[in-house]
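User: Hi, can you walk me through this protein fold? I'd like to start with the strands.

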Amino acid sequence: MKSSFVVPADLDAVQRHPKAAKVGERMRMHNPLCYGCGEESAEGLHLQMFAGEDFEVTATMDVAARFEGGPGVIHGGVLSTAFDDVMGMIPLLIGPSAVTVHLEVDYQRPIPIGSQLQFTAKLLGRQRRKIYAEGIAHLGDPDEPVATGHAIFVTIDVREHFADHLANSRLADEYKARMSRP
Ligand SMILES: CCCCCCCC/C=C\CCCCCCCC(=O)SCCNC(=O)CCNC(=O)[C@H](O)C(C)(C)COP(=O)(O)OP(=O)(O)OC[C@H]1O[C@@H](n2cnc3c(N)ncnc32)[C@H](O)[C@@H]1OP(=O)(O)O
């Protein structure tokens, strides 16, 4: 399906999940091998994600030398990966696991290698299985964003969605064990 980003007017009511991370706490790591936030992903972005107030998440990312695109600046695809993962935390504040079906990034300023990127992401709304999120990236002043992102996530049944793919993971045995628990 091809779509553009339009938040519908008739949104569902949402509540923060009682087991969601509390304000200021690290977001639960959904997969230690995740290229965005996983601690065991050697080449990954190593995003550090924190729960904010209401339906917000903040994150930081050191712009390492391996993320270079143009000379001295971050690769645009790396930045879109970061937005995907940061905004991807928003569904976890409401409860369900969800995967990206649509992602947009607007690049406003070059982002230097060696800088520390900061992100804030927030929920724009939920309609049935669709969760709409917005994110901004800045270098210290949230009023001067260097990039903005918008995404739609769709809730999934984790066991069903990943069932045919678990064997591809380096943590396949661990995931199989987790999935077989009731
Ligand atoms: C127990 C141990 C294991 C623990 C593991 C934890 C897992 C945690 C999970 C997540 C972590 C969060 C952090 C991650 C952050 C990064 C996220 C990523 O990068 S995800 C990778 C890239 N994304 C994909 O690979 C999705 C590929 N797409 C699909 O698989 C399907 O499209 C799927 C399952 C998402 C939906 O397919 P359908 O057949 O179930 O449902 P249909 O009817 O097509 O769509 C449902 C609703 O969504 C809308 N929709 C679908 N695609 C859309 C699009 N592109 N734009 C707008 N709306 C769309 C449809 O119009 C429909 O809306 P209406 O309810 O009818 O209003």
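User: How many bridges join E3 to strand E6, and do they run parallel or antiparallel?

Analyst: Nine bridges join E3 to E6, residues 147-155, and the two run antiparallel. Strands pair if DSSP finds at least two bridges between them. Strands (E, at least two residues) and helices (H or I, at least four) are DSSP runs, numbered from the N terminus. One caution: this is a predicted model, so local features need pLDDT of at least 70, side-chain atom pairs count only at pLDDT 80 or more, and totals for chains, interfaces and linings use all residues. Residues are numbered from 1 along each chain as its sequence is written.

User: Which residue is the bridge partner of Leu103 in E6?

Analyst: That is Ala151.

User: What order do the six strands of the sheet take?

Analyst: The order is E1-E2-E4-E5-E6-E3, in an open sheet with antiparallel pairing. The edge strands are E1 (48-51) and E3 (98-107), and each pairs on one side only. Neighbouring strands are turned by 20° against each other on average, direction ignored. For such angles, axes are lines fitted to C-alpha atoms, for helices over the stretch in contact, and values run from 0 to 180 degrees between N-to-C directions.

User: What holds paired strands together, in general?

Analyst: Strands of a sheet pair through backbone hydrogen bonds.

User: Back to E1. How many bridges join E1 to E2?

Analyst: Four, and the pair runs antiparallel. Ala51 stands opposite Val57 in E2. The hairpin of E1 and E2 has four residues between the strands, and Asp54 there takes a positive phi near 50°.

User: And what about E2 and E4, how many bridges there?

Analyst: Seven, again in the antiparallel sense. Here Ala59 stands opposite Phe119 in E4.

User: Switching to helices. Which strands does helix H1 lie across?

Analyst: H1, residues 76-87, lies across E1, E2 (56-62), E3, E4 (116-127), E5 (130-138) and E6. It runs at about 135° to E3. Residues are in contact if their C-beta atoms, placed from the backbone, lie within 7 Å.

Conventions
Contact = placed C-beta atoms within 7 Å.
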